[in-house]
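Reader: I have a model open and would like to talk through some of its contacts. Can we start with the charged pairs?

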Amino acid sequence: MSILTKVFGKSPFEPLYQHMLKVNECVTLVKPLMEALLADDQDEVETIAKKIFKAEHDADMVKKEIRNNLPKGIFLPVNRGDMLNYLREQDKIADSAEDLAVLITLRKMRVPEELRENLKILVEKVLVTCETAMKVSSEIKLLAETSFGGAEAEKVMETIEELKLDEFEADKAQMKLAKKMFSIEATLDPVSIMMWMNVFKELGALANHAENLGDHLRMMLHKS
């Protein structure tokens, strides 16, 4: 092993990118999961949920590998603690997808007709937010190559601003859906209301963690 390899060690940014790909597998399964729910296809809901559980487990394995194999003495263009916080927030996106799948498989749920359109809009807004976050995260290797500066950093900062706007739209959609549900609460039993509120919360959490991911990256860019 060369002296340079000993000093600088293995770059953690390729594994961080691989972790993002696993997280993205969870995110891309959310749409078909919700479509199966809207179609009242419980078998398909169960099938897709299992795929999300597997993808989330794979993401966890990559996360553990990164944590276990990141030497404390490695030279990085960013703070080691900041990078681990970024990894944690990225992983929370996969966790929220898994939590959503768990909720939907706990109890057979039929989407009330009055909620269908608002639910579709919320899912769309949440997934746009997550897609923007994945776009931001996919630049991590290029940012490392440019020491988190220059034109690449400026481009990523612009995308992070888009991410904040996307999350704001998701927040508004979540609020509209919750209000719609309470407008028909007399037709729903208390357990259904509780379950739907938790589903809305987990969908919102996907967008929140996506925005937080951008905030963590913004902080690393400002420090570099």
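Author: E117 and K120 sit three residues apart in helix α5 (residues 116-137), so about one helical turn separates them. Helices here are DSSP runs of H or I with at least four residues, and strands are runs of E with at least two, numbered from the N terminus.

Reader: What kind of model is this, and how are residues numbered?

Author: This is a predicted model: local features need pLDDT of at least 70, side-chain atom pairs count only at pLDDT 80 or more, and totals for chains, interfaces and linings use all residues. Residues are numbered from 1 along each chain as its sequence is written, and side-chain values use heavy atoms, with hydrogens and water left out.

Reader: Back to E117 and K120. How far apart are the closest N and O atoms?

Author: They are 3.4 Å apart, and the pair forms a salt bridge (a side-chain nitrogen of Lys or Arg within 4 Å of a carboxyl oxygen of Asp or Glu).

Reader: Is E117 buried or exposed?

Author: E117 counts as exposed, at 51% relative accessibility. K120 is partly exposed, with a relative accessible area of 37%. Buried means under 20% relative accessible area, exposed over 50%, and partly exposed in between, with a 1.4 Å probe and protein chains only.

Reader: How many salt bridges does the count come to?

Author: The count comes to 16. One of them joins K22 to E25, with the closest N and O atoms 3.5 Å apart. Both residues lie in helix α2 (residues 13-38), three residues apart. K22 has a relative accessible area of 25% and E25 has 35%, so K22 is partly exposed and E25 is partly exposed.

Reader: Which residues are linked with K22 and E25 in a network?

Author: K54 and D58 are linked with K22 and E25 in a network of salt bridges.

Reader: What about K172 and E169?

Author: K172 forms a salt bridge with E169, the closest N and O atoms being 3.2 Å apart. Both are in helix α7, about one turn of the helix from each other.

Reader: New topic. At what angle do α7 and α8 pack?

Author: Helix α7 (residues 150-183) and helix α8 (residues 190-223) pack at about 165°, with axes 9 Å apart. That makes α7 roughly antiparallel to α8 (the label applies to angles over 145 degrees).

Reader: And which residues make up that contact?

Author: The contact of α7 with α8 divides into 18 nonpolar, five polar and eight charged residues. Ala, Val, Leu, Ile, Met, Phe, Trp, Tyr, Cys and Pro count as nonpolar, Asp, Glu, Lys and Arg as charged, and the others, Gly among them, as polar.

How values were computed: Axes fitted to C-alpha atoms, helices over the stretch in contact; angles between N-to-C directions. Parallel < 35°, antiparallel > 145°, perpendicular 65-115°, else oblique.
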